[in-house]
Amino acid sequence: MRTTAEQYLRQLDSGRRPDLPETTAGTLRLDVGADGCTDHWYLTISDQHVDVTRSADDAELVVRADRSVVDQMVNGELHPGAALLRNELTAQGNVRLLMLLRRIFPGPTGARHPRELGQAALARRAPGRGAVATREAGQ
């Protein structure tokens, strides 16, 4: 079942998010448009925490997009950078904060961290067949 941007942002807790850089702080406003109306979501990012409120206050970065585009980002189907390059969203202000959306929104269903893939590949290797043994055999 797909999650809408509104559902996701309403349930987003302000707990610690270790996937956010510790030193990054800023404010981001999402202007989500649909049916001639605009919903404003104000995200305050600080100390690996994200607080979400409904406000049209000025922010360091203002992102404007249709609801369908934001819903795709929330569901991990669209990267914010790709949406920006395709003119599916606009960003005004500190664009560096745009990439934090990728860390705030969940990733694609079934996606795994590259480190997990590497660890799984190493676990499949037979004992004694490390990189050193392979190099020695080739010499």
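This report describes the fold, the nonpolar core and a few side-chain interactions of a predicted model.

Residues are numbered from 1 along each chain as its sequence is written. Because the model is predicted, local features need pLDDT of at least 70 and side-chain atom pairs count only at pLDDT 80 or more, while totals for chains, interfaces and linings use all residues; side-chain values use heavy atoms, without hydrogens and water.

**Overall fold**

The protein chain has six helices and five strands, taken as DSSP runs (helices H or I, at least four residues; strands E, at least two) numbered from the N terminus. Along the sequence their pattern is α-β-β-β-β-α-α-β-α-α-α. Of its 139 residues, 33% count as buried (under 20% relative accessible area; exposed is over 50% and partly exposed lies in between; 1.4 Å probe, protein chains only). The chain exposes about 8,700 Å², of which carbon and sulfur atoms supply 49% (Shrake-Rupley method, 1.4 Å probe). Among contacts (heavy atoms within 4.5 Å) between residues at least 6 apart in sequence, 63% join residues at least 24 apart.

**Nonpolar core**

A nonpolar core is a set of buried Ala, Val, Leu, Ile, Met, Phe, Trp, Tyr and Cys residues joined through side-chain atoms within 4.5 Å. The largest one has 28 residues, and Leu30, Ile104 and Phe105 touch the most other members.

H2 gives the largest share, four residues. Beyond four places in sequence, Leu30 touches residues including Leu9, Asp39, Val63 and Phe105.

**Aromatic pair**

Rings of Phe, Tyr and Trp (its six-membered ring) pair if their centres lie within 6.5 Å; planes under 30 degrees apart are stacked, over 60 edge-to-face, the rest tilted. The ring centres of Tyr8 and Phe105 are 5.8 Å apart and the planes are at 80°, so the pair is edge-to-face. Tyr8 lies in helix H1 and Phe105 in the loop between H4 and helix H5 (114-124), 97 residues apart. Both Tyr8 and Phe105 are buried.

The charged end of Arg54 sits over the ring of Trp41, 4.1 Å from its centre (NZ of Lys or CZ of Arg within 6 Å of the ring centre and within 35 degrees of the ring normal).
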